[in-house]
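Please keep the sequence and the model at hand while reading.

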Amino acid sequence: MHRVTLAEPDDFDGWREAARGLAVAGVAPSDVTWQVGDAPVDLFGEDLPLPHSDAPAFSVSRGFVDLARKALLHSDPERFALLYTLLVRLRDRPGAVEDKADPLVRKLEGFAREVRKDIHKMRAFVRFREVEEEGQARFVAWFEPEHHIVRYNAGFFLDRFASMHWSILTPEIAIHWDGTTLAEGPGASKADAPAGDPIEDVWKTYYASIFNPARVKIGAMLKEMPRKYWKNMPETALVPGLIASAQARESGMIARARDEVGGNSGIAWDALRDEASACTRCPLHANATQTVFGEGPVDAPLMFVGEQPGDQEDLAGRPFVGPAGQLFDRALAAAGVDRSRTYVTNAVKHFKFEQRGKRRIHAKPGAGEIDACRWWVEQERLLIKPQVTVALGATAARSLLGRVVTISKERGRAITLADGGTAWITVHPSYLLRLPDPAAAEVEFGRFVEDLRMAGAGVAGFVDA
Ligand code: URA
């Protein structure tokens, strides 16, 4: 029996290295036990060196790696063994991970889904409270994750709150940022975090007792730290060798990831879409099949925002692929706008419908749903930075401008947005589909095409003027 001891409960690299060696050597899943750091030693296992094998290595799909990265953060102790079982299957059947009916694949996808939800929950619900620390403000938050997601999320908070000093306390670990160094300390209890009332003394005592460099682990934090912060890692620190080798490993990893997704913003966009896939900001996620995120090049100069996915989009997971999408495609072609060079998204990312028998009938999203989802559209715009954004219909216009918009009043002219970008407002393609009179529909289609052409002409070189 092989016993593999991983350094941490979220030690994906450790799992991957061990699992790869064991799988290449043909070690059966039933002959491996997995455990974490200081867990009680499994008496049935033995820490054998990884078996050597001359068998050729095998590669696995990106889909499996993405699934494994998330599922491994789940709190179920069986996750390492289940992932290893799937890996061994992939050696003989590379497509096994695509078999969505397979109970093992379904279970691991369920793990990944729960982890994504937890990641999102932490990002959405962490609330900092300000305490004074040696004349300086420190922002402290308490969070109880269900899974091992804290290190994974550290980069997210670092990105958003780089200029603040902050700490996030959780039962398993605490993470601290002092403007230059991200450090990790032992877990805390809720009483250690300020709760709104002035309990700074409690906090300070906790902080002073745990912020002892000898107890701080820095290496582990490199995993999810955005590259731009590496320069801030202490040169002299406790573990310079570890930092140097981890940096070298990470450089390779990031470069590979960048090659795969085609640019830095691609990585950020992937992360954003991933996060949105677990969104529970409004109740619509409960009945929809999936989040339908935007699609298109991450440097698209022209962005279209629709209302919400329809029945077909909900099933396909892509925006504007159903009847409204087909009309939209025809209008774009007539306007000389190449859809593949644009980014297409929706104001609301989940399908809202009423079930009537077997049919799902489109229901209009309400103001609360539009406003809850606005955050995602803003993140997409921040990342893509389109020169021109076109709102298709009143829902999209409300999302973009943050107020109720009467299409007929604001259509056909460029509007400057608060961030300096330009917006155009036009009708939604479904409006054209609903017009009963074919002659009127043709006239309206022409107006729609003209709106798209003018918006496209706002981007240099996009359409022939
Ligand atoms: N209508 C929309 O607004 N968006 C889609 O993706 C499909 C139909």
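The space taken by the ligand is the second largest pocket, a pocket being an open set of points, on a 1 Å grid over the protein atoms alone, with protein on both sides within 12 Å along at least five of seven lines; a molecule sits in a pocket if more than half of its atoms lie within 2 Å of its grid points. The model is predicted, and local features need pLDDT of at least 70, side-chain atom pairs count only at pLDDT 80 or more, and totals for chains, interfaces and linings use all residues. Residues are numbered from 1 along each chain as its sequence is written, and side-chain values use heavy atoms, with hydrogens and water left out.

**Ligand site**

- The ligand is surrounded by Gly 306, Glu 307, Gln 308, Pro 309, Gly 310, Glu 313, Pro 319, Phe 320, Asn 346 and His 428, where a residue is near a molecule if one of its heavy atoms lies within 4 Å of it.
- This shell divides into three nonpolar, five polar and two charged residues, in a scheme where Ala, Val, Leu, Ile, Met, Phe, Trp, Tyr, Cys and Pro count as nonpolar, Asp, Glu, Lys and Arg as charged, and the others, Gly among them, as polar.
- A backbone N or O atom of Glu 307 lies 2.6 Å from an oxygen atom of the ligand, and a backbone N or O atom of Gln 308 lies 3.0 Å from a nitrogen atom of the ligand.
- From His 428 it is a polar side-chain atom that lies 2.6 Å from an oxygen atom of the ligand.
- The protein covers 94% of the 230 Å² of accessible area that the ligand has on its own, with areas taken from the Shrake-Rupley method with a 1.4 Å probe.

**Loop positions**

- Phe 320, one of the residues around the ligand, lies in the loop between α9 (311-316) and α10 (323-335), helices and strands being DSSP runs numbered from the N terminus (H or I, at least four residues, for helices; E, at least two, for strands).
- Phi of Phe 320 is near 50°, a positive value in a residue other than glycine, and Phe 320 is buried at a relative accessible area of 5%, where buried means under 20% relative accessible area, exposed over 50% and partly exposed in between, with a 1.4 Å probe and protein chains only.
- Lys 385, in the loop between α11 (367-384) and β12 (388-392), also has a phi near 50°, again a positive value in a residue other than glycine, but Lys 385 counts as exposed at 62% relative accessibility.
- Arg 411 is placed in the loop between α13 (407-410) and β13 (415-416) and is buried, with a relative accessible area of 13%.
- The side chain of Arg 411 makes a polar contact with the side chain of Asp 451 at 2.6 Å; such a contact is a pair of N or O atoms within 3.5 Å, and within protein one must be able to donate a hydrogen and the other to accept it, while residues adjacent in sequence count only if both atoms are side-chain atoms.

**Helix and strand positions**

- Helix α5 (residues 150-160) is mostly covered, as eight of its 11 residues are buried; among them are Val 150, Arg 151, Phe 156, Phe 157 and Leu 158.
- Gly 110 belongs to helix α4 (residues 103-125) and is buried at 11% relative accessible area; its C-alpha atom is separated by 8.1 Å from that of Ala 71, 39 residues apart along the chain.
- Phe 80, found in helix α3 (residues 79-92), is buried with a relative accessible area of 2%, and Phe 80 and Phe 12 are 68 residues apart in sequence and 9.4 Å apart in space, C-alpha to C-alpha.
- Arg 3 lies in strand β1 (residues 2-6) and counts as buried at 13% relative accessibility, while the C-alpha atoms of Arg 3 and Gln 35, 32 residues apart along the chain, are separated by 7.5 Å.
- Leu 382, in helix α11, counts as exposed at 54% relative accessibility, and its C-alpha atom is separated by 9.2 Å from that of Asp 419, 37 residues apart along the chain.

Notes: On a 1 Å grid over the protein atoms alone, a cavity is a set of points where a 1.4 Å probe fits but cannot get out, and a pocket is an open set with protein on both sides within 12 Å along at least five of seven lines; lining residues have an atom within 4 Å of a point.
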